[in-house]
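Hi everyone, thanks for making time this morning. Let me put the structure up on the screen, and then we can walk through it together.

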Amino acid sequence: MNTKTESYEQEMAFVINRLSEEMVYLDQQLEAIKGYNETKEYRALLKTYTDTAKLYLRLVSEYEIKMEETDALTGFNSMYDKRGILAL
């Protein structure tokens with residue numbers, strides 16, 4: 001049984017991974033367009049990359065703070081709860 005916290009953490013991890021993949025793609029596109037003197041397109045892509053990087057860094061920071069706030073005993077018990085084992 002997933003709790004709201006577990007699903008939130010999973011969603012955050014998924015979004016962070018997708019943003020990371022998007023940044024890699026945008027970086028490749030920036031490198032590809034750099035030599036063609038397409039300044040408008042390059043600036044638009046660079047703005048998109050910058051916005052994506054800002055969002056990525058903010059979410060990673062929030063995720064790390066959230067993970068630090070997790071009580072050690074709760075984290076230990078949730079590991080067993082995922083397997084269907086009740087730990088008291």
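What percentage of the 88 residues of the protein count as buried? The figure is 14%. Please keep in mind as we go that this is a predicted model.

Let's start with the overall layout. The protein has three helices and zero strands, and reading from the N terminus the order of elements is α-α-α. As for the surface, the accessible area of the protein is about 7100 Å², and carbon and sulfur atoms account for 56% of that. Now to the contacts: if we take those between residues at least 6 apart in sequence, 65% of them join residues at least 24 apart.

With that in mind, I'd like to zoom in on helix α2, which covers residues 39-69.

One is T52, which sits in helix α2. Is T52 buried or exposed? T52 is buried, because its relative accessibility is 11% and the cut-off for buried is under 20%. And which residues does T52 touch, once we set aside its neighbours within four places in sequence? Those contacts are L19, E22, M23 and L26.

The other is K66, also a residue of helix α2. Here the relative accessible area is 30%, so K66 counts as partly exposed. Have a look at E9 as well: K66 and E9 are 57 residues apart along the chain, yet their C-alpha atoms are separated by 8.5 Å.

Notes:
Residues numbered from 1 in each chain as written. Predicted model: local features only at pLDDT ≥ 70, side-chain atom pairs only at ≥ 80, totals over all residues. Heavy atoms only, no water. Helix = DSSP H or I, 4+ residues; strand = E, 2+ residues; numbered from the N terminus. Buried < 20%, exposed > 50% of the residue type's maximum accessible area, 1.4 Å probe, protein only. Contact = heavy atoms within 4.5 Å. Areas by Shrake-Rupley, 256 points an atom, 1.4 Å probe, with all protein chains shown as cover.
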